[in-house]
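Let's take a walk through this protein model together. Have a look at the sequence and the 3D view below, and then we'll go through it piece by piece.

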Amino acid sequence: MRPGPHALPMVVASAPGKCILFGEHAVVYGQPAVAVAIDARVRVSIGDTDTGWSIDGMTFDKKRHPHIDSIRKRLWTVDGGEPLSLQVKSELFGSAGLGSSAAICSALAAGLLHRAGTDAGELPLSGIATTAHLAEAEAQGGRASPVDTSTVTLGGAVLVSNRKEAMANWQYTRDLRINGQRRTWEVHRIELPESLDDATLVIGFTGRPGPTGDMVAKVAKLLERQPERMQDIERIGNVTRAGVTALSLGSLDAIGIAMNECHRLLQGLGVSDADLDRMVEAALPSSHGAKLTGAGGGGCMMALTSEPRRTAEAIEIAGGRTLVSALGAPGVRIEND
Ligand code: PMV
């Protein structure tokens, strides 16, 4: 730590993980998707250093952390500017589709802005979400939708669609120009009623990463071979819209029915697997609904329940590692203000 009058206090910023309630895969084809922020968070501490850039005590390697490199280039003077020491602590399962890299990007962006003088209460959320999305898109070769980065930044429940949707509160447009292509998404917040405070999500991790790129490519191939299956993508979009109404009304049973229907349609697209199906089946007797969440092919499932202990036990017996959360945690924030 650099002593003397220029030393700045360490900044700690955090952002939540996320899980997708409805609409994964269909969102790639312009349909709406809904994600909620979860209680498990990622914390990024940013401090002074006498040596070069470091992460968790090791010399920073931009090949290993391309998304972090993208954020620091956008928000910090890397060449000639003061180097920083970063520490990352995560409560999320890694590579599980719970948005841990988006949360790191968002928390780091917020922390750097705060260190540069932005008031903790005045963080520019759409700017942070944009910076985090560009970092993810660059690191993943342009494939990332803004679902993860928007949800972990805004917190609560977020709807992303290719058009402005009347059933949610529009926040901003995300525009991505990468590899000569332009894509646009409309990002909205969904107000969650207080009646949902009693509901719990139990997330079950298969222990295997969800290979997002492979799963997106698998669905693309299926649709190429069987273009009529685009109907299933549209059905997921309709179920998602029904799910948004159910969420806004706080109707647990209706949310659960929409989740179950999403899972059935995702199975039809070939993105579930035996572990996910077993965990979903195990959760159903004690839940309002259950489905895989994220890309599938590993990764996580989730159940909406009023009996979290019973549901978590059932999922664990079926082989999953569990994480229990309320719906709609707060978004990115500065922790040490
Ligand atoms: O595994 P996750 O949480 O990154 O989810 C991927 C969601 C997809 O709809 C399959 C892809 C995307 O970019 O939205």
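## Around the ligand

An oxygen atom of the ligand is 2.9 Å from a polar backbone atom of His25. That's a polar contact, meaning a pair of N or O atoms within 3.5 Å; within protein, one must be able to donate a hydrogen and the other to accept it, and residues adjacent in sequence count only if both atoms are side-chain atoms. Lys18 uses a polar side-chain atom, 2.7 Å from a ligand oxygen, while Gly97 has a backbone N or O atom 3.1 Å from a ligand oxygen. On its own the ligand exposes 380 Å², and the protein buries 89% of that (areas by the Shrake-Rupley method with a 1.4 Å probe).

Which residues come nearest to the ligand? Of the 13 around it, they are Lys18, His25, Gly97, Ser145 and Ala295 (a residue counts if a heavy atom lies within 4 Å).

## Where these values come from

This is a predicted model: local features need pLDDT of at least 70, side-chain atom pairs count only at pLDDT 80 or more, and totals for chains, interfaces and linings use all residues. Residues are numbered from 1 along each chain as its sequence is written, and side-chain values use heavy atoms, with hydrogens and water left out.

## An enclosed strand

Now find strand 11, residues 300–305. Strands are DSSP runs of E with at least two residues, numbered from the N terminus. Is strand 11 buried or exposed? 6 of its 6 residues are buried, so it is largely enclosed by the rest of the structure (buried means under 20% relative accessible area, with a 1.4 Å probe and protein chains only). One side carries Cys300, Met302 and Leu304, the other Met301, Ala303 and Thr305, and both are covered.

Strand 11 also has partners; two strands pair if DSSP finds at least two bridges between them. Strand 9 (residues 200–205) joins it through 6 bridges, running antiparallel, and Phe205 is the bridge partner of Cys300. Strand 10 (residues 289–293) pairs with strand 11 over 5 bridges, again antiparallel, with Thr293 opposite Cys300. In the hairpin of strands 10 and 11, 6 residues lie between the strands, and Gly294 takes a positive phi near 90°.

## Strand 8 and its partners

Strand 8 (residues 181–190) runs antiparallel to strand 6 (residues 157–161), with 5 bridges; here Leu159 partners His188. Strand 7 (residues 169–178) is joined to strand 8 by 9 bridges, also antiparallel, and Tyr172 partners Val187. Their hairpin has 2 residues between the strands, and Asn179 takes a positive phi near 50°.

Methods: Buried < 20%, exposed > 50% of the residue type's maximum accessible area, 1.4 Å probe, protein only. Helix = DSSP H or I, 4+ residues; strand = E, 2+ residues; numbered from the N terminus.
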